[in-house]
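Dear colleague,

Please find below the structure that I am handing over to you. My notes on what was found in it follow directly after.

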Amino acid sequence: MAYIALATGFLLILIGLYGALTHSHILRMIVAFTVANTGVNLVLVGVGYMGGRTAPILDKAVEVSAAAQRIIDPLPQALVLTAIVIGLGVTALMLTYAYRLYVTRGTLDISRYTELKW
Amino acid sequence: MQFDWMQIPYSLLTLFIVLNYGMLLNALIAKIAARVGRRHGIPIWQNYADLLKNYGIRSSITHGVMFYLGPVFRLAGGVGLLLFVPTIFGSEMFSNLSFAGDLILALYFVFFGTLGMALGAGESGHPHAAIGVSRGLSQVTTAELPFALAVFAVALQYQTLSVTDIVAAQQGGFLNWTLFTNPFAVAAAMLGFLGSMMRPPFDVVLAPQEIPIGPPTEYHSSYLALMQTNRMIFPIAKIVVYMNLFFGGAASWPVFFIKVFFIYMVSVLVGVVFPRFHVEQSVRWFLVWAVPFGIIAVLMV
Amino acid sequence: MVSALSFIALPLGTAFTLGLLPQGMQRVNYLLTLLALALLSLIAASWLLAFAAGEIATQQIFTAGTTPPFSINLQIGMAEAAGLLLLNLTGLLSVIYLRDTLHQQGARAMAVLLIFIMALSGIVLTRDLFNLFVFIELTTIATGGLILLSHDKRALGAGFKYLVATQIISITLLIGTIFLYHDSGTLNIDGMAAGGLITGESLALFLVLIALILELKPFPANGWALDIYESAHPAFSAILSAAAATAALFAVDRLLLVGSNSWLPLATAVGVVSFVGANLLALVQRNDRRILGYSSIAQMGLLLVVVGQRDILGESYLFIAGGILLAHAIAKAGLFWLSGIIVARDLSDWRALQRNPLYIFAFATFIAMLVGLPPFPGFYAKWDLVHLLAAHDRIALLLALLFASLLEALFLFRWFGYVIKGEANPEGIICARNKLGVIAAATVAAWGVAYLWGEMALQGNLLYSIPLLAALAFLLLEWLAVPYKNVLAISVLLGWFVVNYADYNPLQLIFAVIILVGGPLILLSSFYARGRRIGFYPATMLMFAGMAQLIVAKSSFDFFAAWEILTIGSYYLILRGKASEPHAISYIIFSLGGAFLMLTGFALAAAGDLNFLLSNLSEVAPAVAPWVFLLLAIGFMTKTAAIGVHIWLPGAHAEAESDVSPMLSGILLKAGLFGLMVLMLEMGRQSLYGVDLTHVMLWIGALSALLGNLMAAFQEDAKRLLAYSSIAQLGYALFGLALMNHLGWLLALMFVINHFIYKSMLFLSVGGVAKRTGTRLMYRMGGLITLMPLSFIAVLIGIIAVSGVPPLSGFGGRWIFYNAIMTAEYRLPLIIIFLAGPIAFLYLFRLIHTIFLGQLKDEHRQLREAPFWMILPQMIFVACLMVFALVPGLALKRVDHYLLQYFPEGGLSWDGLTITSHFGYWSPISIMVIVGVIFMTLFAWLLFVNRRAQKVKQFNIVFAAERPFRPETTHFAWNFFAPYRKALGFLTEPLVTRFWDAIGEALHSLAELLRRFYNGNGQTYSVHLLAFVVITFLLARGVS
């Protein structure tokens, strides 16, 4: 399971990067990066997963004394949550930029924004 | 050697002898050159007559201070050169004022008169003067080079810069002369000598004067007389240096007269045979033909 | 102490408060922001002071009540405190600078700015990897927002590119982080390092590291960053360059702890590529902000190298890194802030700064700081860095760094040149009080850290040196009029001489007299100047301060610092000439290039000793000694303008002001000779691969003499002629030194004195003539002898002395020369010197003839003699020359005895009037008397026979059967030595100039080609990033 998640995650990252590099439409690039981010999150979860253990919730099902052996490491999941939030923020910012770019220049083709170079 | 008041009259005596000898020698040389060209030539006393006439002429103009001083510089250079070098070897009387400096002094004092003369002529504003100086300076840069190398070789050979010591080292038979002990140096020096005697093929420097209205016209009357006086003394003074360095010097006046005559004749012999070089040609000629001898001399000592 | 957590909590809280306050209270919002940042700066300062005083040790701050790995921890030490202070101060100053923009944009912009600073502080403080990620992402988002502060429409596109790039970086960072966690079981960086579970081989570690390095915007994966620097608001660029890069550097430094230093070479490699590449590409930039961007990237590269080399830097690590970092941060922020008050973006638009000398002072401070000139921290830091690199045999790296530093100096000083010279647009600058205040603060900070680093330096504080302080004091006196300042300058120099007179040894004394007595003599001519002559005195005094320090330097550090100081001073002086900008840049580049070689030489010699004494040069290990000798000798020879590295001299000396040329030629050139003397006295002969280096120097000296003379003969410009003549004269002196015998050295000293006297005099005369005629072209003058008789006398005496004709002092030089070469071991180079000798007559005659003799031009008929203040020093020089000609023993006797301890053979005997050597003799007074008597007798005779000579008019000459009537057609002057040029002109083909031009051209073409790489497309930049990661990885693996 974990390996499938990892493989899928990396595949998504590659697809995302491929998409971001081959599409010159800004919105498509943003979508591609979102895909890649999803892949990263999947990898994060996949790496943190430990086979045969339960969710890190300390209740009746898992006793505190045995917790260290029974639950999976909660940290990667916390990381994923944070990463998702940050990813959302960045995506939102990118979308804002896309909007402003379109308003000022009337195009969303990134290859048109090359007045700064060399 | 120290200064002694008696050296002043002695030096004046040297000057007097050399001046008279120069007058006669120059006339003789002119006559020889004329005869080669199937002409009759000047009488032997012609230089005396010219000099007297020029000192006697009263009309004179000046273009300014430097112009006025030019001939003075010129003659002071000639007289100085003569007096800074001992004329007769072994004679206290005719060692002149050589206590003031050695060979190097003589070498560099040559330029004193040249420089002053060039400046004086320059102030006349005559373009030919400037052209002549330009040519002369250009030529002298390479004509002096073989001579300088030869001097250095000789100084190295005898391990001294004192003219008296150099002459002393050559005593005891003509085979001890530098001519035979260091032939390359002498060859280089004598080729350089051709360039400094203002004779063909290296006399293009004087060409502006030949055009009848060059600086000699500007320098007339007593100026010209001063310059003529120098022309009598200067070549002899220069030959004295050569004689002392390369030909064993002279222990008495008769030897002196003979040696100077023959050294002078070298340039005359070459001069009457060859036509004139352009300046750039002579510059290259010295570099290609004379300098290598000098280099060999310096490296072989 | 206030908890370090306040660096996170306080800005965060303020930012939220700003959001909560009602709209429209801009003033309150702004004050709140200011207050927060000021408070943070204070807290940082108090931490720093506490650390500096040694009151507290490095502290860990644990959050969530437990220790790592179960919590996030922060760490604050001396470095962190300094970093925080830098960040928050930059933030504070930028907020002040941004006052109007922030008022417009409102509370949200201020909040974002606070968050940005907070996130940067977090990066500096945190020891937790994921926490680091979060802070980095926060800076990304904040940057995305702050880019929009700019009025530049293009900033939008740049911002988007930036976001795309950061996406890729954050993907790399996250993946690396999670695998590192997986391998080590902790997110605490110290824990990872201590656990030892992460090896250098780890791909995860590489990914994290490379992501952090990418945050430093390494060359060439940095197109996106350059676009931001170019288009963002300069105040934001200042933060980005000074603060954000600093924070990223802390992160890289920390992460390199993991994997037991195995990735240090990677940091070094990336750093050196960045430093070289970015400086190279900056060469062809014209946009001020982009060039600053390139420079930022270059500096980050340099810092990355320092981080990468920390294994050998030991205790000096923080001193070096801190010095370079602070120099970069303050200078770069200052320059970005300056760019904010300049209206247009081309480098030459900065000419608007000419409006106020204080702007120029700030600009010069920042440029000097960036280049790493003394007394700024970068200077101390580079000194230590270079020494440690050399001590550990990392020579290739060292040379790459120095080469890139030279490139950096090239574009920075060229920029400075543009700014100082040329017409300024008075509308080109916006003066807002808050902005000027910020720039002033940065300038003060620059000098502050200069003092601080001096205090910390092992070698002592340069700012305590009295000559340097005196020179800087003249900056404060700029409001005085010239006469007052001139009197002051002269008395300062003379006073310093009197005070130190007793301490000089005979060798130093000769130079001291030339510098400290000769200098004032030339300064007499400065009395002719009117007004305040802003900039002249600080530069002059800086040059003299450097020279005065140079001759008494005991350690290599003091020597090098003095060398740099005199270089800067003379550079500013040269730059003052009317058309001197290209020559000044070539001067500073050759000087700095030479200085860097010297630095390498000293570093090699020191073998790790940071305070190496010059007297220990004699004990350098035989394996490196010839290399040390070679490097130092080349360094000194750039200053003496030996052939090959001479091309800066003619223009620099010719274009300088009338009273500056004599100082440059007469005094400054001697610095190189002094250096050579010190070097050769200490190290003696050295041979490299069987070649005797002094033999090589003989050749160089001889060729300099020959070619200098030849080129002088073909000049039309009088000052250029004199300049080329200086090359030749210094060639003679070099030759004398390289003879390595007693008389050779005496010859060199004789030339030192003679050249000072007659070249200063000639430059002054020619300067005076040029001032009156308005041209330096000799063929446009002529016949000035009657109008300017005193100038003529000076030139006449000067040329007789230069040419070596008796009875003047030049002859003494020739006489010693002949005696010296009698014992020379190598005779071939002598032939070149012999050839060179008579050529001097060519240019000397031309100089005096074409200017003073020949035909007077119509437009010059009303000319007057040169100004009194220019004539006075010339006449004093004439007197000096006469005295020196008569009694050379006055100056030389003591040196002659002094030299006996080094060269016991071949001294002169000074008995009575005659000077006697082993080979010959010379009696200056007798010669003078004899020549004088003969001359006066003949003169009297001529006066007697020719007493009625009449002065005739100018055209009273006849040639070619015509009377000339136009001076132009009668003055034979242009191309005076045409036949000579025909014969030997091929020797003066400007091969050396062509060689250096070709190198310059090649570098610029390369830069022009390489920068096409940045095609402006965000996607291409992404490809660059990915390719950079992959290629770096492959190379790193391939190497290890």
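B:Phe274 counts as partly exposed, because 13 C-beta neighbours lie inside 10 Å. For this term, a residue is buried if 20 or more other C-beta atoms lie within 10 Å of its own, exposed if 12 or fewer, and partly exposed in between, with C-beta atoms placed from the backbone. B:Phe274 sits in the loop between helix 12 (253-273) and helix 13 of chain B. Leaving aside residues up to four places away in sequence, B:Phe274 touches B:Pro200 and B:Pro201; two residues are in contact if their C-beta atoms, placed from the backbone, lie within 7 Å. B:Pro201 is 73 residues apart from B:Phe274 along the chain, yet their C-alpha atoms are separated by 5.6 Å.

Please note that this is a predicted model, in which local features need pLDDT of at least 70 and side-chain atom pairs count only at pLDDT 80 or more, while totals for chains, interfaces and linings use all residues. Residues are numbered from 1 along each chain as its sequence is written, and chains are lettered from A and ligands numbered from 1 in the order in which they are written. Helices (H or I, at least four residues) and strands (E, at least two) are DSSP runs, numbered from the N terminus.

Chain C as a whole

Chain C contains 41 helices and seven strands. Its radius of gyration is 32 Å, close to the 31 Å that the globule rule gives for 1040 residues, so chain C is as compact as a globular protein of that length. The radius is taken over C-alpha atoms, and the rule is 2.2 Å times the number of residues to the power 0.38. Along the principal axes, the C-alpha atoms of chain C fill a box of roughly 115 × 60 × 50 Å. Of the 1040 residues of this chain, 63% count as buried. Among its contacts between residues at least 6 apart in sequence, 82% join residues at least 24 apart.

Helix 24 of chain C is mostly covered, with 20 of its 20 residues buried. The end C-alpha atoms of helix 24 (residues 556-575) are 28 Å apart, which agrees with the 28 Å that its 20 residues should span at 1.5 Å a residue; the expected span is 1.5 Å times one less than the number of residues.

How the chains meet

Of the two pairs of chains in contact, chains B and C share the most contacts. No contact joins chain A and chain B, and their closest C-alpha atoms lie 54 Å apart.

Between chains B and C, 69 residues of chain B are in contact with 62 residues of chain C. On the side of chain B, helix 5 gives the largest share, 17 residues. That side divides into 42 nonpolar, 20 polar and seven charged residues. Here Ala, Val, Leu, Ile, Met, Phe, Trp, Tyr, Cys and Pro count as nonpolar, Asp, Glu, Lys and Arg as charged, and the others, Gly among them, as polar.

The contact between chains A and C takes 33 residues from chain A and 35 residues from chain C. Helix 4 of chain A gives the most to the chain A side, with 13 residues. The residues on that side comprise 24 nonpolar, six polar and three charged.

Within 10 Å of each other come the axes of helix 2 of chain A and helix 7 (residues 155-184) of chain C, which cross at roughly 10 degrees. The two helices are therefore roughly parallel. Axes are lines fitted to C-alpha atoms, for helices over the stretch in contact, and angles run from 0 to 180 degrees between N-to-C directions; angles under 35 degrees count as roughly parallel, over 145 as roughly antiparallel, 65 to 115 as roughly perpendicular and the rest as oblique. The contact residues divide into 15 nonpolar, two polar and no charged.

Backbone details

The peptide bond from C:Pro374 to C:Pro375 is cis, with omega near 5 degrees. C:Pro375 lies in the loop between helix 16 (357-371) and helix 17 (377-391) of chain C. C:Tyr689, a residue other than glycine, has a positive phi near 50 degrees. C:Tyr689 is exposed, with 5 other C-beta atoms within 10 Å.
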